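Trainee: I'd like a close look at one part of this model. Could you walk me through a helix pair and the charged side chains that go with it?

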Amino acid sequence: MALADPRRRQMLELLRARPHAVHEIVDALGLSQPATSKHLRVLRAAGLVRVEVSAQRRLYTVDPAPLAELDRWLAPYRRLWNPALDRLGEYLDTGEYLDTGEHPDTGEHPDTVADPDGPGSAG
């Protein structure tokens, strides 16, 4: 996947503000020119950036069309998960989970969890 590498996500963030030449991306992200070019090739192949030729410079810019298509595809799923995420956020905002003494992931109280080194263990 084109966005699996965090450097590519950084490039998209940079290009979101305005078009950049390769040397500007190199300077901003501290990558080598060959590495920057390689990442830009991947982003171009994925259709996420495009190149505009300006005199002797090649300027890279974000192509919003694929991201807009992804946003449209995700819209029905957002309607499903947004209410649950809102409820989770409200619950976390209350801080009630901090007072239960329960493990936040399992819901078990620490006193009820078996001690691996306790009675009956071979260790």
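Mentor: Let's take the helix pair, then the salt bridges. This is a predicted model, so to speak of local features we need pLDDT of at least 70, and side-chain atom pairs count only at pLDDT 80 or more, while totals for chains, interfaces and linings use all residues. Residues are numbered from 1 along each chain as its sequence is written, and side-chain values use heavy atoms, with hydrogens and water left out.

Helix α1 spans residues 6–17 and helix α2 residues 22–29 (helices being DSSP runs of H or I, at least four residues, numbered from the N terminus). Their axes come within 11 Å and cross at roughly 115 degrees (lines fitted to C-alpha atoms over the stretch in contact, with angles from 0 to 180 degrees between N-to-C directions). On the α1 side, R7, Q10, M11, L14 and L15 meet I25, A28 and L29 of α2 (contact means heavy atoms within 4.5 Å).

R7 also pairs with D5 in a salt bridge, at 2.7 Å from N to O (a side-chain nitrogen of Lys or Arg within 4 Å of a carboxyl oxygen of Asp or Glu). D5 is buried at 13% relative accessible area, whereas R7 is partly exposed at 37% (buried is under 20%, exposed over 50%, partly exposed in between, with a 1.4 Å probe and protein chains only).

Another salt bridge joins E13 and R16, with the closest N and O atoms 3.0 Å apart. These two sit three residues apart in α1, so about one helical turn separates them. E13 is partly exposed at 48%, and R16 is exposed at 63%.
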